[in-house]
Amino acid sequence: MAAPITAPPENTMEVTDYFVKPAYSTRQSTESFSADSEELQDYVVNFLDKQVGSETQFLTNVGDLLENLTAENSALEEQVLTVSSSVPPKVSEALSAAEGCRSSLEDLLQREQLIFNMLHQVAQPWMDNLRQTCNQVDTIERHMKYLRCLQHIEELSAAVQQCLMTSSIQEAIKAVDSMAVLDCGLNQSGCSHLQNFLRETLCFWHKIIKDRLASDFEKILAQLHWPIISPPTQSPIPAANYQEISSQLELLVTQLLALQTSDDIISQRALASCQGLPSTQLVSSATCLLQAPPLCLPIQIMLLPLRRRFKYHFYGNRQTNSLSKPEWYLTQVLMWMGNNSAFMEEKIQPILDRAEASFSARVELCRGLLSLVQEKVASDASRLLYDDVLFCHLVEEVLQFEKELRSNHLYPAVLPGLLHLLLEDAVLQKWLTVEKKMAVEKMDAMLSAEGAWSSQYKDISDMDELKAPDCAETFMTLLQVITERYRALPCPSAQLKFLELQRELVDDFRIRLTQVMKEESRCPLGVRYCAILNAVNYISTILGDWADNVFFLQLQQAAVSHGEEMVLRGQGTMEVGRLASLEGSLFDGLLALLDRLKGDMLGRLLEWTMREITEKAKPYCQDRWLSLPSQHDQSTMTLSSTACPMMLCVRDRLLNLHNVLSLSLFQLAWQGLAERLDNFLYQNVILCNHFSDGGAAQLQFDMTRNLFPLFGHYCKRPENFFKHVKEACLILCLNVGSAILLRTLLNESEEEMRDWTGAGDPSPEAALNELGVYCLAPCDVLILLSLRTSWPGQ
């Protein structure tokens, strides 16, 4: 009997979900099935197992399943065709609408262009007429402004004239100031004739007012005995009308200060015309004052008699105008500053304070007098570029003048003095050339002098620690003088050029010392050789102090900041970084060369000394240490006779080096000698001989009671510098029992090579440390123990 047919599922989409979607609707599944046919086959089998079953009675369901799938597939195809057929009409409808909009827009644009052309044809004549009318109005307006400005100038001119006729000076000054303000306003104007007319009018009235005020001011100053040419011997007696004179003085100074604005503008224009600048490039009064503030008008008038005196005495054919005597006019100006400073502070400064002026009368006077000196020095310097002697004298006097100006007269550091004149390229290069030339000549003279290699403080022990020879001290004094000369220069770049010159001179002097040293190297123990060594050490010490000096540290930072190639030449990136962090100095290269020379000379000196000591020590090295009697058989211990020549040589050489070398060099010398002597005695006396008890005791006595005390004059524990000899004597003088135990311990350690630290017995190093042996290794101690002859059974 056939099995009952199972009803199909009510929702046919379930079949689609289980069969159609995995195989057809999902692209990823399709790709995976097409890539692997076995997976597809497994999927179909599983699906049929779930839907149909494994029993044959359920196979009737396959037909129904196929019909459902076919119907679902047809429904899906109809949906796809319906959507595809409906899309083209919608797209066509949208394109038609867009085309209609484009046609409408073109019509509107054509209508807009037609209307614009019609309006342009109608409105163009009106616009032309209106533009012509506006131009006429602008022209008339400019003419009106021009006429009003001209009328204003004439009114101001008439006002000044009226005020001068009525002696209303203050009102006249206000009118002139108004002209000056108007002149500044017309500075960018193209009305050249109006500008010229205004400026001529301004200059005309300004000169009249200035001349009148200057004449009255000079009369008042004459009554106050101005200028003060020489120091007064006694206080001047006040005049009977002193109060009236003081009032007139204050009034005139105030009026002159009020005239300052117009005076500054006229001065600017005169300066610009001299330099060939057009009037349109004139800077404003405020900018000019900020850049280079001119002298105030009262001080200018007060300086006139002093300027005339200066021109009279120090220009032309006067005997006082001598290129070889710049100190005459420099000293004269300093005297004028000193003589008149009290007058400026007592008479003029209170008036300036009441007028709320922001400058010092004394400083203004110094500025005015300094301008005279600046002109004179600039003129003389250009004429002395080919005369080394006179040029050097001028530089010295300028530096001295600058020093007195800043210190004695308290001239502000922010204001320029005379040093900027020495920074001109030609003058600065000449200065550097002369400095180098003079320094080289002095080096030649100091090295060839009779007492070049002797110290001028040799008889004064407190001042002769460095034992610097006269040539080295003179050379460093020369460098210090150069430093003092360029220290005050206001330009770090110029200072660095002088620093580079100093470094060249130091290197040149080092080469000269090396040449002289090679001539004296045949006798390193001679006085001159040691003097050269002291000279090298002295220069190195001074340069080391300079490296920590604030002035040179500032130059170092300036060199790094400005990237001075001349100073940083040859410096690597790491060296420049060390300079920037102040870990290094600009003298490191020179110090390295000097230290190398010092080390070579000191090594040659010690080698020569050791050669002499070695020669004297030959009998001591060949002494019969094996047959010397025991210490108990001798009543007293005495120095070995064979050691006497060696000990005397060591003593004499130490005394000689102490007398001829500086303290720091002698410290290095005796320590180096002790190190070499320690190695020599250990290698040539101890390791080359066998020792009995008496021989070991004698060696220890010679070392501890005779050799070590020779060095005890220069340190508290000299035996610490003879570690090999001291520890060898200790091993050789051990009692027999301790020596046997130590040898056994060291032999076992050497044979078994086991870890003594973890064992119960102490390690060899610990055992040696307990005996006071720290320098010698266990193998060295075994060698020393083998040199002993006093063993049981021997």
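Two residues are said to be in contact when heavy atoms of one and the other lie within 4.5 Å, and the legends below use the word in that sense for a model that is predicted.

**View 1. The chain as a whole is built from helices.** In this predicted model, the secondary structure of the chain comes to 28 helices and 0 strands. Of the 794 residues in the chain, 39% are buried. When contacts between residues at least 6 apart in sequence are considered, 74% of them join residues at least 24 apart.

**View 2. Phe-711 and its surroundings in the largest nonpolar core.** Phe-711 touches Val-650, Leu-654, Trp-670, Leu-673, Ala-674, Leu-677, Pro-718 and Phe-722, if residues up to four places away in sequence are not counted. Together with Leu-707, Phe-711 has the most contacts inside the largest nonpolar core, which has 199 residues. The helix that gives the most to this core is H17, spanning residues 527–547, with 13 residues. In soluble globular proteins, nonpolar side chains tend to be buried together.

**View 3. Helix H17 packed against helix H20.** Two packed helices are described by the angle between their axes and the distance between the axes. Here the axes of H17 and H20, the latter covering residues 588–616, come within 10 Å and cross at roughly 150 degrees. Angles over 145 degrees count as roughly antiparallel, and H17 and H20 are therefore roughly antiparallel to each other. The crossing in which H17 passes H20 is left-handed. On the H17 side, the residues making the contact include Tyr-529, Ile-532, Leu-533, Val-536 and Leu-543, while those of H20 include Leu-590, Leu-594, Asp-595, Lys-598 and Met-601.

View 4. Most residues other than glycine have a negative phi, and most peptide bonds are trans. The peptide bond from Trp-226 to Pro-227, however, is cis, with omega near 0 degrees, and Pro-227 is found in the loop between helix H6 (192–223) and helix H7 (242–258). Glu-356, although not a glycine, has a positive phi of about 60 degrees; this residue is found in the loop between helix H11 (326–354) and helix H12 (361–383). Because its relative accessibility is 71%, Glu-356 counts as exposed. A positive phi, of about 55 degrees, is also found at Leu-410, which is not a glycine and which belongs to the loop between helix H13 (388–407) and helix H14 (425–448). Leu-410 is exposed, with a relative accessible area of 57%.

**View 5. Phe-314, a buried residue of helix H10.** Phe-314 lies in helix H10, which runs over residues 297–314, and counts as buried at 5% relative accessibility. Leaving aside neighbours within four places in sequence, Phe-314 is in contact with Thr-320, Asn-321, Trp-328, Tyr-329, Gln-332 and Lys-376. Between Phe-314 and Pro-326 there are 12 residues of separation in sequence, and their C-alpha atoms are 9.5 Å apart in space.

**View 6. Gln-255, a buried residue of helix H7.** Gln-255 lies in helix H7 and is buried, with a relative accessible area of 8%. Apart from neighbours within four places in sequence, the residues in contact with Gln-255 are Ile-169, Gln-170, Ile-173 and Leu-213.

Conventions
Residues are numbered from 1 along each chain as its sequence is written. This is a predicted model: local features need pLDDT of at least 70, side-chain atom pairs count only at pLDDT 80 or more; totals for chains, interfaces and linings use all residues. Side-chain values use heavy atoms; hydrogens and water are left out. A nonpolar core is a set of buried Ala, Val, Leu, Ile, Met, Phe, Trp, Tyr and Cys residues joined through side-chain atoms within 4.5 Å. Buried means under 20% relative accessible area, exposed over 50%, partly exposed in between (1.4 Å probe, protein chains only). Helices (H or I, at least four residues) and strands (E, at least two) are DSSP runs, numbered from the N terminus. Axes are lines fitted to C-alpha atoms, for helices over the stretch in contact, and angles run from 0 to 180 degrees between N-to-C directions. Angles under 35 degrees count as roughly parallel, over 145 as roughly antiparallel, 65 to 115 as roughly perpendicular and the rest as oblique. A crossing is left-handed if the near helix is turned anticlockwise from the far one by less than a right angle, and right-handed if clockwise.
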